[in-house]
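Here is a short report on a protein model, with the surface first and the fold after it.

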Amino acid sequence: MKRLLFFALLLLSIPGWACDVCGCSGTNFYLGVLPQFQKHFVGLRYRTQRYDTFMSRHHIDQADSRESFQAIDLWVRFYPLRRVQVLAIAPYQFHQQTQGNVVRRLQGLGDATVLVNYKLIDKSRIRDSAHVVKHALLVGGGAKLATGAHRYSETDLSDVANPNFQPGTGATDLVLNGIYTLRVNRWGMNVDANARITGTNAEGYHFGNRVNGSLIGFYVKQWGATAVMPSAGLYAEYARKDHKYGVLIQETGGYLAAATLGLDAYRGNWVVGVNAQLPVQQRISEGLVQAHNRLAIHLSRMF
C-alpha cells in the first residue's frame, strides 16, 4: 500500500430532469475513489439516490411523488498502453416512483459508458524520504451508449412514469473529462471537470447537455497491511433544459451543489469504500424537485 499514489473522482454524468416534472435519472452515475492509479481493477458498486417531486404547484390533478433509484454497476479499468487508461461501466438499474397510492417500478440494464483517458502528466519529485510530491493530469473522453431500455409513451403511463424514469435515455452521448491529482506526502487533492453532450433519441427527446466538477481532499493512513483514506470536498452539477422535437420543456434542467464525504480501506489487492453526497444548494426543475443525499458502496480487486 506504500504505492498508493492517486485516486480519480470522475463524475461522469449528472441527473437529467425531464418532462412531467420528475427528479429521476436512469443514467446518473459517478466513479468514486479509485486509488493506485497505475493498476488495473474490476469491481462492483451499489448506489442509491432519492428525490421528492412537487407536482401540485402546476399540475393540480396529479399528486406529489417520491422517486428512488438504485443501481449495481460492474466497472473495469485497464491500461492497454502505459499512458492510456480505459474505464468501462455497465449499470443495472432499479427504479421506483410512489405517487399517492400508485407505485411504479422498473428495472433493467442501464446505459453503459466507455472512457479513454491519456496521461499528459505523470511526475514525482522526491526531496528526501519525508517529502514526496507527485501529480498527474489525465484528459480524455468517450461515449455513454444507448444500451438501456427507453420505452416512454405519453399515452400509456401505466408503468413508465416519464422519460427520466427509464433505465436508459435511448440516445448516445459524447463524454469529455479531465482529472488533475496532486499528492504531497500523505495529503492530496483531486480536481476534475466533466461534460456530456447529449444526443436525441428515436422519440425526438433530447435531454439537456450537462457539466459537473469537484474538488476533493484526501489523507492516507497506514496501519500495518491495511491503509485507509478518508476524503472530503465539494461537488457541483448543472444541466440545461430538455427538448421534445425541438420544443423547450420548461420544467427541466437545474443545478445542485453538494458536500462529499468518503472513506476507503485497502488491504492487498482489495479495496472497499463508501462515498456520500449531501446537497447544500439546489434548484432542479424550476424548484419542483428536491434531491436528497446520495450514497455509493463499492468493492474492487486490483491487479
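Leucine 295 counts as partly exposed because its relative accessibility is 33%; buried means under 20% relative accessible area, exposed over 50%, and partly exposed in between (1.4 Å probe, protein chains only). Leucine 295 lies in strand β18. Strands (E, at least two residues) and helices (H or I, at least four) are DSSP runs, numbered from the N terminus.

This is a predicted model: local features need pLDDT of at least 70, side-chain atom pairs count only at pLDDT 80 or more, and totals for chains, interfaces and linings use all residues. Residues are numbered from 1 along each chain as its sequence is written, and side-chain values use heavy atoms, with hydrogens and water left out.

A nonpolar surface patch includes Leu295, Val42, Ile72 and Phe303. Its residues together have about 1000 Å² of accessible area (Shrake-Rupley method, 1.4 Å probe; for residues, only the protein chains shown count as cover). β1 gives the most, with 3 residues. The strands below each supply at least two residues of the patch.

| Strand | Residues |
|---|---|
| β1 | 41-53 |
| β2 | 65-81 |
| β18 | 294-302 |

The protein has 0 helices and 18 strands. Of its 303 residues, 50% count as buried. The accessible surface of the protein is about 13200 Å², and 61% of that belongs to carbon and sulfur atoms.

Two strands pair if DSSP finds at least two bridges between them. Strand β13 (residues 243-244) is joined to β14 by 2 bridges. Lysine 244 has valine 247 in β14 as its bridge partner.

Definitions and conventions
Patch = residues over 30% accessible without salt bridge, like charges linked within 9 Å, V, L, I, M, F, W, Y side chains within 5 Å. Salt bridge = Lys/Arg side-chain N within 4 Å of Asp/Glu carboxyl O.
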